[in-house]
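Here's a quick briefing to read with the model open in your viewer. Have a look at the fold first, then work through the notes below.

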Amino acid sequence: MPVIEVTELRKSYGGRPAVDGVSFAVEEGEIFGVLGPNGAGKTTTVECVEGLRVPDAGRVRVTGLDPVADHKQVTRVLGAQLQQSELQPKLTVREALELYAGFYPEPADWRPLAERLGLTPKLNSRFGKLSGGQKQRLSIALALIGDPRIVVLDELTTGLDPRARRETWQLIEDVRAGGVTVLLVTHFMEEAQRLCDRIAVIDKGRVAALDTPAGLIRRSAGATVISFTPSAPLDDDDLNALPGLASVQRKDGRVTLSGTDETVNAVITLLARTRVTAHQLRVTDATLDDAFLDLTEATA
């Protein structure tokens, strides 16, 4: 049985739908991503999973429990780091960990948790003096202190510099390695591509696609990009006839083709047949950014 089940979830504000029929299931032990632009309905969706909002329609279950009707039991299996949360600036890291541990009947030992998250040297530091990355580490610790089976991390790396963001990604992988299922809400494509086993792309309150990162990328109109500067002009008809071709662009003498692996092989054959040399040839795979743009444009 999935640890999270969301079926035809709907939630409106002022008669305007924020979530409009969202469905997905999260399997135990995976990092499941909820990906989408700002205002897509991601946070409303996970707040319904957490029991912080009451759905207008649909069904939500967390380990078989209703997050609203069975809220107390759900808080014992699900930890959450909210998108916007602040502690009192003068509260020390130690005090915050002890305070949150007191909320649970059987909390995790916060000392090894602090050590694992690199917070031990900061136990006597006040929250207001922590860096952005240190605050995020503390947010993860507070979400895990109830020893949950599932943790929800909402826009965890927003506002972090690249180094702190990558350190936080490693922490998320460590959390999953410790046996915790992760529901990760983000609008960073690189983050989702690196961390997630599967992703639900939400756009305008609906699931535009649900697949693995590789599966979503394969759906992109041009999953492979080939760019080069030809030593002699190439005929447009020859280029447009390439198998698997999605698009052709010419700029400043450089040719950029989007297509498939089949397109790459056909380009090499074409260059050999026409005796044209490809200078500065580059072949790159499409990214989740490319797939996301294709998917959201399709639902626009």
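**What sits around Leu138**

Leaving aside residues up to four places away in sequence, Leu138 touches Leu87, Val93, Ala96, Leu97, Leu119, Phe127 and Leu130, where contact means heavy atoms within 4.5 Å. Bear in mind that this is a predicted model, with local features needing pLDDT of at least 70, side-chain atom pairs counting only at pLDDT 80 or more, and totals for chains, interfaces and linings using all residues. Residues are numbered from 1 along each chain as its sequence is written, and side-chain values use heavy atoms, with hydrogens and water left out.

**Nonpolar cores**

- Leu138 is also one of the three residues, with Leu97 and Leu288, that touch the most other members of the largest nonpolar core, which has 47 residues.
- A nonpolar core here is a set of buried Ala, Val, Leu, Ile, Met, Phe, Trp, Tyr and Cys residues joined through side-chain atoms within 4.5 Å.
- Buried means under 20% relative accessible area, exposed means over 50%, and partly exposed is in between (1.4 Å probe, protein chains only).
- Helix α5 (residues 132-144) gives this core its largest share, six residues.
- There's a second, separate core of 25 residues, and its members include Val49, Ile150, Leu183 and Val185.
- As background, nonpolar side chains tend to be buried together in soluble globular proteins.

**Helix α5**

- A word on labels: helices (H or I, at least four residues) and strands (E, at least two) are DSSP runs, numbered from the N terminus.
- Ten of the 13 residues of α5 are buried, so the rest of the structure largely encloses this helix.
- Among those buried residues of α5 are Gly133, Gln136, Arg137 and Leu138.
- The cover over them includes β5 (78-81), α3 (93-101), α4 (110-116), β6 (150-154) and α6 (162-177).
- The length checks out too: at 1.5 Å a residue, the 13 residues of α5 should span 18 Å, and its end C-alpha atoms are 19 Å apart, which agrees. The expected span is 1.5 Å times one less than the number of residues.

**The six-strand sheet**

- This open sheet runs in the order β5-β6-β7-β3-β8-β9, with mixed pairing; two strands pair if DSSP finds at least two bridges between them.
- At the edges are β5 and β9 (206-211), each pairing on one side only.
- From one strand to the next, the twist averages 15 degrees. Axes are lines fitted to C-alpha atoms, for helices over the stretch in contact, and angles run from 0 to 180 degrees between N-to-C directions.
- Strands β6 and β7 (residues 181-186) run parallel and are joined by five bridges, and Val151 stands opposite Val182 in β7.
- Helix α5 packs on the sheet, touching β5 and β6, and its direction makes about 160 degrees with that of β5.
- Helix α1 lies across β3 (31-35), β5, β6, β7 and β8 (198-203), at about 150 degrees to β7.

**The three-strand sheet**

- Here the order is β2-β1-β4, in an open sheet with antiparallel pairing.
- The edge strands are β2 (16-26) and β4 (57-62), each of which pairs on one side only.
- Neighbouring strands are turned by 25 degrees against each other on average, direction ignored.
- Five bridges join β1 (residues 4-13) to β4, and Val6 stands opposite Val60 in β4.
- Helix α1 (residues 42-50) packs on this sheet as well, touching β1, β2 and β4, with its direction at about 120 degrees to that of β1.

**Strand β10**

- Five of the seven residues of β10 (residues 224-230) are buried, so this strand is largely enclosed by the rest of the structure.
- Five bridges join β10 to β12 (residues 254-259), running antiparallel, and Val225 stands opposite Ser258 in β12.
- Six bridges join β10 to β13 (residues 278-285), also antiparallel, and Ile226 stands opposite Val283 in β13.

**Backbone and cysteine checks**

- Thr63, in the loop between β4 and α2 (71-75), has a positive phi near 45 degrees despite not being glycine, and counts as buried at 18% relative accessibility.
- Glu155, in the loop between β6 and α6, has a positive phi near 50 degrees, again in a residue other than glycine, and is buried at 5%.
- A search of the whole structure finds zero disulfides, taking a disulfide as a pair of cysteine sulfur atoms within 2.5 Å.
- Cys48 is buried at 1% relative accessibility, and Cys196 is buried at 6%.
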